[in-house]
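Welcome, and please open your viewer. We will walk through one protein stop by stop, with something to select each time.

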Amino acid sequence: MRTVLVTGPGGAGRTTVAAATALAAVRRGRRVLLLSADPLADLLGTSPGALRGAGPVEVTPGLWAAGIDSGEHFRTELLTFQEKAATALELLGARKLADEELTELPGSEQSALLQALRRAAEGRWDVLVVDLPPLRDALAVLALPEQLRRYLRRLLPRERQAARALRPMMAQLAGVPMPAQWLYETAARRDAELAAVQALIEDRTTTVRLVAEPGPTAARALRTARTGLALAGLRVDTLVPNRIHPRDTSEPWLTTLVAQQRKCLEEWDEEWAPEASVREIGHLGRDPQGLDDLRLLDRPDGGPADTEGDGPAGGLGAGLSDDAPGPAAVPWRTEDRLAEENLLVWCLPLPGAVKSELSLVRREDELLLTVGPFRRIVPLPSALRRCTVTGAALTDGELRVRFTPDPALWPRTD
């Protein structure tokens, strides 16, 4: 399955572009599922209640859509937990919460999105298009599966489950109750669910599509996000400058805006062209509504619309007819310089990173990386775990961390 994660600075029209991308893939003969937490009814030309069901709804032949209801997800999860923990809650004298009195809490949107991704991964779709939250929130939610799995491993290690037969005796000796079996079972189930989502996000056929309205604010947001995406190991396949005004305009008030857009587009072409396609979408002069308007957006470089046939070769559906979208994100590689300098160098591509905003800390077998507003904790490759960090340098958008073998841990060669 080919997965396209669509995000961008807020207010840039990412939901519209996500829907247009999904429809463009359908026109190229693919079975497509569109996921979004934003309202899709008007955009897809369906009735308001059509997408409120429990599963995907076929909007047009080949295109299914599903809304993500974070409120319903929150209620279901809390009631399930309450049922599982009924014995412990009764001992505490707790009063059960009823469905009708539950109000969604902050953070449930991310959990609902992850569950929707897991369910979508189990479906038989050719293309999955996901309308993510705005850029900063999207990067945070995409990092959640890896982070939460790390927390589960630290707080409820799997190896301790083997000692469950000893828990009654341990409880007597320690004087405190040991975690119940259902807690370990729940943790194992959650870990498996998170692993499925993490595998989907990290899959070679998963890419990010950025949507932005050209301008200084969007340019700054994309510049920062570029580093965050690289730190997360995600690859951008397409940058979509949206709502582009025509160059030839007779309206004086549009002249400055058009000039600003053209300047920004030139910079984006130079900055992004080596790693991603840049596909412009012209301004329709109105908010797109219905499938006909979405088809108008599927055109190469903002050119004339193709409303018949399979769509333009360079439009939003480009690359979605193939299972593999091209080369994967640049991998984090280890450079062997043992013979020359007794060093191993871990090379991490971080385009756009600034030295003053970068820090790294070695903690046991992990490396804590902070780049501007982004942080990631990554396990070290096995060879580097037997080394000590002796330095690091940021050169041409690549962080090079130097490791020296620890004589006490490194195998002898003589």
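**Stop 1: a hairpin**

Start by selecting glutamate 364, which takes a positive phi near 55° in the hairpin of S11 and S12, where two residues lie between the strands. Strand S11 (residues 358-363) and strand S12 (residues 366-371) run antiparallel and are joined by six bridges. Show arginine 363 next, and you will find glutamate 366 of S12 opposite. Helices (H or I, at least four residues) and strands (E, at least two) are DSSP runs numbered from the N terminus, and two strands pair if DSSP finds at least two bridges between them.

A word on what you are looking at: this is a predicted model, in which local features need pLDDT of at least 70 and side-chain atom pairs count only at pLDDT 80 or more, while totals for chains, interfaces and linings use all residues. Residues are numbered from 1 along each chain as its sequence is written, and side-chain values use heavy atoms, with hydrogens and water left out.

**Stop 2: serine 382**

Now pick serine 382, in helix H13 (residues 382-385). Is serine 382 buried or exposed? Its relative accessibility is 54%, so serine 382 counts as exposed; the cut-offs are under 20% relative accessible area for buried, over 50% for exposed, and partly exposed in between (1.4 Å probe, protein chains only).

**Stop 3: the four-stranded sheet**

Colour the strands S9, S10, S15 and S14, which form an open sheet in that order with antiparallel pairing. Strand S9 (333-337) and strand S14 (387-395) are the edge strands, each pairing on one side only. From one strand to the next, the twist averages 25°. Zoom in on S14 and strand S15 (residues 398-405), an antiparallel pair with eight bridges. Here threonine 395 faces glutamate 398 of S15.

**Stop 4: the eight-stranded sheet**

Another open sheet has eight strands in the order S3-S4-S2-S5-S1-S6-S7-S8, with mixed pairing. At its edges are strand S3 (57-60) and strand S8 (277-278), each with a single partner strand, so one side of each has no neighbour in the sheet. Strands of a sheet pair through backbone hydrogen bonds, either parallel or antiparallel.

- Strand S2 (residues 32-36) and strand S4 (residues 63-67) are parallel and joined by five bridges; serine 36 stands opposite glycine 67 in S4.
- S6 and S7 are also parallel, with five bridges; valine 208 stands opposite valine 236 in S7.

How many residues of S7 are buried? Six of its six are, so to speak, under cover.

**Stop 5: helices H9 and H10**

Next bring in H9. Helix H9 (residues 216-231) and helix H10 (residues 252-272) pack at an angle of about 15°, with their axes 10 Å apart. That makes H9 roughly parallel to H10. Axes are lines fitted to C-alpha atoms (for helices, over the stretch in contact), and angles run from 0 to 180 degrees between N-to-C directions. Angles under 35 degrees count as roughly parallel, over 145 as roughly antiparallel, 65 to 115 as roughly perpendicular and the rest as oblique.

For the side chains, show H9 residues including Leu222 and Arg226, and H10 residues including Cys264 and Trp268, which are among those that meet between these helices. Contact means heavy atoms within 4.5 Å.

**Stop 6: helices H5 and H6**

Finally, select helix H5 (residues 108-121) and helix H6 (residues 135-155), which pack at about 70° with axes 10 Å apart. H5 and H6 are therefore roughly perpendicular to each other. Gln110, Leu113 and Leu114 in H5 meet Val141, Leu144 and Pro145 in H6.

Stay in H6 for glutamate 146. Which residues does glutamate 146 touch? Leaving aside residues up to four places away in sequence, they are Gln198, Glu202, Arg376 and Ile377.

**Zooming out**

Show the whole protein again: its secondary structure comes to 13 helices and 15 strands. Of its 414 residues, 45% are buried.
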